[in-house]
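This report is written for a reader who has the sequence and the three-dimensional structure at hand. Please keep both in view while reading.

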Amino acid sequence: MATDLDRLYGCTAKPSSVLNFIFMSIANMARKMLISTSSSKAENTEKWKLTDHLRFMVMLISWLMLWVLRFFMDLFSCSMISSPDYHLGGSSSVRRFQLSPYSSSATEEALPSCGSSLDLILRNRVDVDGLAVKALVKALTHVLALLNEIPASSRKYQYTMAMADQIMEDNARHGHSAVLHVNRLALASSFTRTSALLYRCLQVQTSPSGDYGDSWHLRAIKAIPFGSCIASYMKAITMFLNAAFSWFDTATTLFQRRDYNVEPDIMAEKLAQELLWVTNKLRCYGDVNEALVQWSLASGLASLSLNASPRVQGSTVKISAFLFRELTRKDLEIARQVKFRLLVLWTPLFCHASNGHAYPILTSFQMAEIERAMDEVISNSPAMEQEFILTTWLENYVVSVSDWPNLGLAYDRWCQSTREMVHH
């Protein structure tokens with residue numbers, strides 16, 4: 001009877017018989033080897049032979065395996081106990097009721113008073129709602145994560161995207177605030193994941209090309225006799241190791257399973273388009289502020305986008321243009337630091353991107369609209385921030401082949417306001 005109750009409520013804490021057998025076998029073996037090693041050391045004062053060293057190493061490995069097994073036995077036994085994240089079925093509320101700190105005995109649990117039963121029903125209702133929201137967030141996040149992994153050429157790619165669309169539309173039609181928040185949480189997580197994958201993919205394309213600057217220790221080595229030769233070898237080894245680690249790190253995260261043979265430039269183009277899609281969805285479901293904050297912190301991605309392929313640049317330009325237009329919305333509270341970082345980080349991309357050479361990125365109307373938005377944000381910024389933003393724009397604008405964005409009026413206005421400050 002007790003066993004049935006334990007199985008019903010999920011409170012079994014005993015590990016399996018297989019783990020018990022392995023644990024006791026290794027423990028006995030390690031104990032015997034420890035006794036054998038200590039006795040041989042006490043009786044024999046000569047140097048250890050190779051077999052003695054091997055036996056000692058086996059003993060240490062056995063004790064290490066013993067500790068690992070003990071850890072997993074404790075972990076598995078604890079995971080069998082109910083938790084809100086482990087069970088999403090109807091029996092989870094029964095387990096929480098059984099393990100509730102408010103229940104003092106089985107009799108009180110079986111025959112609660114009217115007031116306590118009402119409190120318990122309300123508390124369980126809140127727990128069920130929380131579990132349902134968590135389940136929806138996990139499901140939508142999982143679908144969006146699969147979208148990053150499936151190749152765009154696969155026939156299941158459009159199916160997965162349609163499934164994500166359907167889930168988000170159903171959540172929006174439901175109308176409940178908690179269900180609407182599911183879309184925002186999952187899309188914010190997808191925006192973070194996709195932008196990180198895009199950054200790492202662009203890193204693979206740009207490394208290990210280029211000339212790495214000499215660090216201080218290489219310059220110190222060059223100062224000694226024959227140091228230039230040694231420094232050259234060390235620099236070559238460093239470049240090789242950096243490239244190997246970068247490729248290995250990206251291979252374990254980006255090119256998994258079906259995407260393993262996809263070229264980095266094709267993968268980067270796919271991820272950039274997915275990031276644009278997620279950004280539009282964040283705007284549709286009322287959480288564009290999260291995209292603004294994350295995009296304003298993506299300094300590494302902004303730097304790598306300058307040398308990306310035209311199609312990747314096209315998607316990142318559209319994302320930046322889309323977010324820049326949101327900066328002038330009156331119903332959206334955006335921190336001044338977020339606006340400043342966005343303009344400083346992504347204005348160089350506007351200057352250097354291949355606008356319209358490979359295929360049209362923005363229309364003339366959209367370019368004029370974004371220029372007006374940038375001009376408005378700059379004019380409402382403090383003088384010091386205006387100087388920094390306009391200096392960054394001018395440094396990139398004068399060396400680029402593009403005539404957009406032209407912030408000359410904003411630059412003249414800043415110069416005039418600065419002259420007036422000197423006059424006063």
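## Overall make-up

The structure is a predicted model. The protein contains 18 helices and zero strands. Of its 424 residues, 36% are buried.

The accessible surface of the protein amounts to about 25300 Å². Carbon and sulfur atoms contribute 63% of that surface. Among the contacts with a separation of 6 or more, 75% are between residues 24 or more positions apart.

## The packing of helices α7 and α8

Two packed helices are described by the angle between their axes and the distance between the axes. Helix α7 covers residues 155-174, and helix α8 covers residues 177-206. These two helices pack at an angle of about 145°, and their axes are 7 Å apart. On the side of α7, the contact is made by Met168, Asn171, Ala172 and His174. On the side of α8, the residues making the contact are Val179, Leu180, Val182, Asn183 and Leu187. What kinds of residue make up the contact of α7 with α8? Six are nonpolar, three are polar and none is charged.

Ile167 is located in helix α7. This residue counts as partly exposed because its relative accessible area is 22%, a value that falls between the limits of 20% for buried and 50% for exposed. Apart from residues up to four places away in sequence, Ile167 touches Leu140 and Val143. Leu136 is 31 residues from Ile167 along the chain, and the C-alpha atoms of Ile167 and Leu136 are separated by 8.9 Å.

Ser190 is found in helix α8. Is Ser190 buried or exposed? Ser190 counts as buried because its relative accessibility is 6%, and the limit for a buried residue is under 20%. When its neighbours within four places in sequence are left aside, Ser190 is in contact with Leu144 and Val278.

## Salt bridges within helices

Side chains of opposite charge can pair when their charged atoms come close. How many salt bridges does a search of the whole structure find? The search finds ten.

One of the salt bridges joins Asp170 and Arg173, with the closest N and O atoms 2.3 Å apart. Both residues belong to helix α7, where they are three residues apart, about one turn of the helix. Asp170 is partly exposed because its relative accessible area is 33%. Arg173 counts as exposed because its relative accessibility is 58%.

Another salt bridge is formed by the side chains of Glu274 and Lys270, at 2.6 Å from N to O. Both residues lie in helix α11, which covers residues 264-284. Glu274 and Lys270 are four residues apart, about one turn of the helix. Glu274 is buried, with a relative accessible area of 3%. Lys270 also counts as buried, at 7% relative accessibility.

## A network of salt bridges

Asp331 counts as exposed because its relative accessibility is 59%, and a residue is exposed at over 50%.

## A nonpolar patch on the surface

Leu50, Leu54 and Met57 form a nonpolar patch on the surface. Together, these residues have about 330 Å² of accessible area. Leu54 is placed in helix α3, which covers residues 50-79. Leu54 counts as partly exposed because its relative accessibility is 46%.

## A cis peptide bond

Where does Pro405 lie? Pro405 is in the loop between α17 (383-397) and α18 (408-423). The peptide bond from Trp404 to Pro405 is cis, and its omega angle is near -5°.

How values were computed:
Residues numbered from 1 in each chain as written. Predicted model: local features only at pLDDT ≥ 70, side-chain atom pairs only at ≥ 80, totals over all residues. Heavy atoms only, no water. Patch = residues over 30% accessible without salt bridge, like charges linked within 9 Å, V, L, I, M, F, W, Y side chains within 5 Å. Areas by Shrake-Rupley, 256 points an atom, 1.4 Å probe, with all protein chains shown as cover. Salt bridge = Lys/Arg side-chain N within 4 Å of Asp/Glu carboxyl O. Buried < 20%, exposed > 50% of the residue type's maximum accessible area, 1.4 Å probe, protein only. Axes fitted to C-alpha atoms, helices over the stretch in contact; angles between N-to-C directions. Contact = heavy atoms within 4.5 Å. Nonpolar A, V, L, I, M, F, W, Y, C, P; charged D, E, K, R; others polar.
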